[in-house]
Amino acid sequence: MATEHSKSSARFMIAPAVFVLLVWMLVPLCMTLYFSFADYRPMRNTFDAWIGFSNYASFLTSSSFLSSVMVTLQMVAGILLITIGGGVALALLLDQPMFGQGIVRILVIAPFFVMPTVSALVWKNMFFNVDNGLFSYLWKFFGAQPYDFLSQSPLLSIVVIVAWQWLPFATLILLTAVQSLSSEQLEAAEMDGAPGYSRFWYIILPHLSRAITVVILIQTIFLLSIFAEIFVTTNGAFGTRTLTYLVYQRVLESQNIGLGSAGGIVAVILANIVAIFLMRIVGKNLDN
Amino acid sequence: MGRITLDKVQKKFGEVEVIPPLDLTIEDGEFVVFVGPSGCGKSTLLRLIAGLEDVTGGEIRIDGKPATDLPPAKRGLAMVFQSYALYPHMSVRKNIAFPMKMAGMDQAEQERRITKAADALNLTDYLDRRPGQLSGGQRQRVAIGRAIVREPAAFLFDEPLSNLDAALRVGMRMEISELHKTLATTMVYVTHDQVEAMTMADKIVVLRAGHIEQVGSPLELYKAPRNTFVAGFIGSPKMNLLTGATAAKHNASTIGIRPEHLDVVSEGGTFTGRVGVAEHLGSDTFFHVHIPEMTEPMTVRAGGEVGLRHGDTIHLEPRAEHIHRFDDKGLRFACHA
């Protein structure tokens with residue numbers, strides 16, 4: 001982009017892409033905004049273009065709102081806990097020299113390529129199923145009563161499914177971070193008399209802190225919008241109704257598009273608050 | 001105390017023998033330099049002493065006590081790495097305190113030692129900075145500080161100056177030598193730079209392919225290199241080695257003449273050649289002279305202001321008492337011709 005001429009031609013050439021992106025994002029957003037102020041219930045043939053903030057008021061004051069926010073936060077926190085903890089452990093393991101390292105690494109990354117719906121179905125039918133699930137066989141093998149995961153501890157079950165999907169992502173990023181740690185630092189710590197756990201705590205973990213913040217940031221953004229796993233397994237029942245799922249229910253099950261749109265806008269605002277919050281932490285961590 | 005004894009120490013990586021069985025004694029308080037070309041096993045040898053690598057055979061004793069199977073931390077040795085290996089997320093103070101913290105030393109004693117080390121190394125103003133905010137020389141000093149506070153039986157240095165620029169390197173060389181004089185602790189120092197070896201060492205160990213080629217004081221190695229390898233490696237610029245008919249005149253298969261032992265004469269002389277590249281250093285001038293007896297140019301040291309130009313004819317006369325003679329195995333003859 002050296003000259004005026006190349007600058008203007010570059011602008012001209014990226015214009016279509018920018019235009020498509022803007023339309024792609026802005027049209028749905030504007031329509032959602034528009035509907036959120038309307039009383040729009042197609043099944044009852046109701047359409048009132050402006051009813052003020054009453055959609056927002058009823059969404060925010062409904063008892064399901066607060067509980068869905070709490071469920072969302074619990075779910076995200078649970079998944080982050082498992083993926084970060086498991087990711088660090090797996091990254092340290094995969095960093096060890098071993099036979100068939102390349103193949104093992106590809107296998108570890110594989111779950112990330114499975115579609116959410118598919119993985120949720122596989123977990124639901126092959127692992128969690130009370131009659132034929134692998135866990136039930138395992139329980140029976142040890143003489144225990146099979147445990148109905150999806151109805152007894154539904155939130156945990158979904159957390160496990162999603163964590164299984166995101167573990168490879170965390171592992172991959174943390175593995176590259178582990179590999180970038182200079183071996184001389186570890187050797188210096190060894191000479192300094194630091195036993196294994198001290199080396200992990202004082203050298204490896206601080207070295208991984210940046211990678212961990214990046215993983216938390218990216219995962220949180222994606223995890224706030226978990227849908228398929230809930231849809232496939234519990235349908236939002238048994239206290240697994242997240243904010244995203246609540247919006248879906250308002251729009252499609254209650255056929256109240258206005259209320260759902262208001263919920264959608266609330267979700268966008270909340271997600272942005274979380275994102276800004278996280279960005280600040282990450283920015284602070286990346287500066288050091 | 002810090003007397004390190006290596007008894008038939010051997011190291012293999014798989015089938016490759018990096019260090020064939022080797023004996024060496026490092027006396028207490030000595031400054032020993034391992035020197036050799038890259039890949040000669042000098043760093044591996046240091047790591048064996050440190051305990052960062054396991055020996056394949058033989059025994060290491062520190063102060064007479066077997067240390068072969070001791071983990072690095074239990075050997076009472078401190079190491080300074082080429083990359084300094086400072087902990088980037090800790091302040092200088094915490095870096096220096098780390099080994100003491102690991103040893104569970106009490107806070108007051110830690111503080112006392114940190115202050116002492118920081119004083120000795122001019123780090124007092126930087127104690128609360130991170131390593132990333134320091135210059136190369138300062139980082140080097142922090143690494144040394146971290147080693148000092150442990151009060152080890154011996155210091156191990158693995159090419160500590162190779163990441164510094166030339167001016168700083170000379171300064172740090174002096175500082176490390178000073179440190180050795182004040183602490184009077186054994187130091188084992190690995191370098192590929194023979195100037196560092198010559199200037200700092202009490203005892204130089206010249207290594208090639210894991211073999212010890214010669215052990216001796218800097219001047220012993222300079223005056224009486226045991227073979228052509230040591231002769232070519234020690235001394236700067238390199239010794240000129242001549243073979244064939246010229247060597248046969250001295251009843252040897254190879255003779256060596258150092259650049260500083262050749263005189264420029266106006267007439268005659270043993271060698272006559274054409275001046276190639278001249279390196280003017282001010283105090284000295286090194287001429288690379290093309291002579292028919294050698295394929296490579298012969299290096300000659302002359303005074304600072306010699307009026308010779310590229311392409312001029314030059315006559316050279318070696319000082320007879322400084323001609324080194326080697327036999328067909330490259331070994332030095334016992335006495336001069």
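This is a predicted model: local features need pLDDT of at least 70, side-chain atom pairs count only at pLDDT 80 or more; totals for chains, interfaces and linings use all residues.
In chain B, four strands form an open sheet in the order S2-S1-S4-S5, with antiparallel pairing. The edges of this sheet are strand S2 (16-26) and strand S5 (65-66) of chain B, each of which pairs on one side only. Strand S1 (residues 4-13) of chain B is joined to S2(B) in the antiparallel sense over seven bridges. Within S2(B), Ile26(B) is the residue that stands opposite Ile4(B). Helix H1 (residues 42-50) of chain B lies across S1, S2 and strand S4 (57-62) of the chain, and runs at about 115° to S1(B).

A further element of the architecture is the packing of two helices. In general, a pair of packed helices is described by the angle between their axes and the distance between the axes. For H2(B) and H4(B), the axes come within 7 Å and cross at roughly 30°. Because angles under 35 degrees count as roughly parallel, H2(B) is roughly parallel to H4(B). The crossing in which H2(B) passes H4(B) is right-handed. On the side of H2(B), the contact is made by Val92(B), Asn95(B), Ile96(B), Phe98(B) and Pro99(B), while H4(B) contributes Val142(B), Gly145(B) and Arg146(B). Classified by residue type, the contact of H2(B) with H4(B) has five nonpolar, two polar and one charged residues.

The loop between helix H3 (107-120) and helix H4 (136-148) of chain B contains Leu121(B). Leu121(B) is buried, because 20 other C-beta atoms lie within 10 Å and a residue with 20 or more such neighbours counts as buried. Leaving aside residues up to four places away in sequence, Leu121(B) touches Arg141(B), Ile144(B) and Gly145(B). Gly145(B) is also among the residues of H4(B) in the contact with H2(B).

The contact between the two chains takes 13 residues from chain A and 15 residues from chain B. On the side of chain B that touches chain A, strand S6 (77-80) and helix H2 (92-103) of chain B each supply at least two residues. H2(B) gives the most to this side, with four residues. The side of chain B that touches chain A comprises 13 nonpolar residues and two polar residues, with no charged residues.

Note on methods. Residues are numbered from 1 along each chain as its sequence is written. Chains are lettered from A and ligands numbered from 1 in the order in which they are written. Two residues are in contact if their C-beta atoms, placed from the backbone, lie within 7 Å. Ala, Val, Leu, Ile, Met, Phe, Trp, Tyr, Cys and Pro count as nonpolar, Asp, Glu, Lys and Arg as charged, and the others, Gly among them, as polar. A residue is buried if 20 or more other C-beta atoms lie within 10 Å of its own, exposed if 12 or fewer, and partly exposed in between; C-beta atoms are placed from the backbone. Two strands pair if DSSP finds at least two bridges between them. Axes are lines fitted to C-alpha atoms, for helices over the stretch in contact, and angles run from 0 to 180 degrees between N-to-C directions. Angles under 35 degrees count as roughly parallel, over 145 as roughly antiparallel, 65 to 115 as roughly perpendicular and the rest as oblique. A crossing is left-handed if the near helix is turned anticlockwise from the far one by less than a right angle, and right-handed if clockwise.
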